[in-house]
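Here is a short briefing to read alongside your structure.

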Amino acid sequence: MATSIAIAEKDRETIARQLSKLLADTYSLYLKTHSFHWNVTGPHFNSLHTMFQTQYNELWLAADEIAERIRVLDVFAPGSYSQFGKLTTIKEESGVPDWKEMVEQLVTGHEIAAATARAAIKVADEAGDEGTADMVTGRLKEHEKTAWMLRSLLK
């Protein structure tokens, strides 16, 4: 049965491509945050361990929401490390940096995801896709807030 949600197929595909980038950023940030949760050390261990857990749980739920929105648009969502690696601009961390570098990397990651979200909102708005624009606006606000909270730790 054809998808008929008043958004042209070409526009749905364009929106889904941008959402796939946001999904890749979200999943990459989830993975990095979870790794930092496991491996953080230092004088701020307890607060960062707890904060990172809250953040990776939120990112996990967000990834599901974004992937499901891609499916609503009748496009298959990417779901492999290789696909995410091609779509994200968040740099992978293969080592274990100190707590301060962890926080700095997460700030950068959330700022990248916020920029990706802004681009997705623009594409969705141009296509008249209020559902995607609304969902991604929430993601944008979450990434901006998380970046601010993490950045505040560095002052």
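Let's begin with α5: this helix has 24 residues and reaches 35 Å from its first C-alpha to its last, close to the 34 Å expected at 1.5 Å a residue. Please keep in mind that this is a predicted model. The UniProt record, an unreviewed entry, lists residues 18-154 as "domain: Ferritin/DPS". Over residues 18-154 the chain is 80% helix and 0% strand, and the end C-alpha atoms lie 31 Å apart.

**Helix α5**

- The buried residues of α5 include T132, A133, M135, V136 and R139, and L140, H143, T146, A147 and L150 are buried in this helix as well.
- What do the buried residues of α5 pack against? Their partners are α1, α2 and α4.
- K141 also sits in helix α5, but K141 is exposed because its relative accessible area is 56%, and the cut-off for exposed is over 50%.
- From K141 to A114 is 7.8 Å in space, C-alpha to C-alpha, although 27 residues separate the two in sequence.

**Helix α2**

- α2 has 28 residues, and its span from first C-alpha to last is 40 Å, close to the 40 Å expected at 1.5 Å a residue.
- Its buried residues are L48, F52, Q55, Y56, L59, A62, A63, I66, A67, R69 and I70.
- The buried residues of α2 pack against α1, α4 and α5.

**The largest nonpolar core**

- This core has 39 residues, and the members that touch the most other members are I15, L19, L23, F52, I66, I70 and V136.
- Which helices each supply at least two residues of the core? They are α1 (9-39), α2 (45-72), α4 (99-127) and α5 (130-153).
- α4 gives the most to this core, with 11 residues.
- F52, I66 and I70 are also on the list of buried residues in α2, while V136 is among those buried in α5.
- Not counting residues up to four places away in sequence, I15 touches I7, L73, V123, A124, A127, D129 and T132.

**Aromatic residues**

- The structure holds 7 aromatic pairs.
- One of them is formed by Y30 and W60, a tilted pair with 5.1 Å centre to centre and 50 degrees between the planes.
- Y30 belongs to helix α1 and W60 to helix α2, so this pair ties together parts that are 30 residues apart in sequence.
- Y27, Y30, Y56, W60, Y81 and F84 form one aromatic cluster.

**Two glutamines**

- Q105 is placed in helix α4, and Q105 counts as buried because its relative accessibility is 11%, which is under the 20% cut-off.
- The side chain of Q105 makes a polar contact with the side chain of E93, at 2.6 Å.
- With residues up to four places away in sequence not counted, Q105 touches K32, F36, E93 and P97.
- Q18 is found in helix α1 and counts as buried at 12% relative accessibility.
- Leaving aside neighbours within four places in sequence, Q18 is in contact with T116, A119 and A120.

**The loop after α2**

- Where does D74 lie? D74 is in the loop between α2 and α3 (81-87), just after α2.
- D74 is not a glycine, yet D74 has a positive phi of about 65 degrees.
- D74 counts as partly exposed, because its relative accessible area is 43%.

How values were computed:
Residues numbered from 1 in each chain as written. Predicted model: local features only at pLDDT ≥ 70, side-chain atom pairs only at ≥ 80, totals over all residues. Heavy atoms only, no water. Core = buried A, V, L, I, M, F, W, Y, C linked by side-chain atoms within 4.5 Å. Buried < 20%, exposed > 50% of the residue type's maximum accessible area, 1.4 Å probe, protein only. Helix = DSSP H or I, 4+ residues; strand = E, 2+ residues; numbered from the N terminus. Contact = heavy atoms within 4.5 Å. Polar contact = N/O pair within 3.5 Å; in protein donor to acceptor, adjacent residues only side chain to side chain. UniProt positions renumbered as here; feature names shortened; annotations may be inferred. Expected span 1.5 Å × (residues − 1). Phe/Tyr/Trp six-rings, centres within 6.5 Å; stacked < 30°, edge-to-face > 60°.
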